[in-house]
Amino acid sequence: MVSCPKCDSPIDVEEEDLDEGDVLSCDECGAALSVASVNPVELVTEDDKDEDGDEFGFDDEEDEEEEEEDEEEDEEWH
């Protein structure tokens, strides 16, 4: 049984039909949910997903480093 990470209510869905990235909504609290993993099934709220700007809360250090390098290059040209 899958339950809402926000209100802990059961979500009526067939676990074997879920794929990572699927979007669901909780009938009880209305939260937008995303499937973070399928084995075991883990749901995250869309709010949690968007907090860090990364889909599942992982830091994307490479992108940050590239942005810093681009900013430094822009400063050198000005």
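Analyst: A nonpolar core is a set of buried Ala, Val, Leu, Ile, Met, Phe, Trp, Tyr and Cys residues joined through side-chain atoms within 4.5 Å. Buried means under 20% relative accessible area, exposed over 50%, and partly exposed in between (1.4 Å probe, protein chains only). Here the largest nonpolar core has 10 residues: V2, C4, I11, L18, L24, C26, A31, L33, V35 and L43. This is a predicted model, in which local features need pLDDT of at least 70 and side-chain atom pairs count only at pLDDT 80 or more, while totals for chains, interfaces and linings use all residues. Residues are numbered from 1 along each chain as its sequence is written, and side-chain values use heavy atoms, with hydrogens and water left out.

User: Which residues does A31 touch, not counting residues up to four places away in sequence?

Analyst: Contact means heavy atoms within 4.5 Å. With that exclusion, A31 touches C4, K6, L24, S25 and C26.

User: How many disulfides are there?

Analyst: A disulfide is a covalent bond between the sulfur atoms of two cysteines. The rule used is a pair of cysteine sulfur atoms within 2.5 Å. The count by this rule is zero. C7 is in no disulfide, and its nearest cysteine sulfur, that of C26, is 3.6 Å away. C7 is partly exposed, at 31% relative accessibility.
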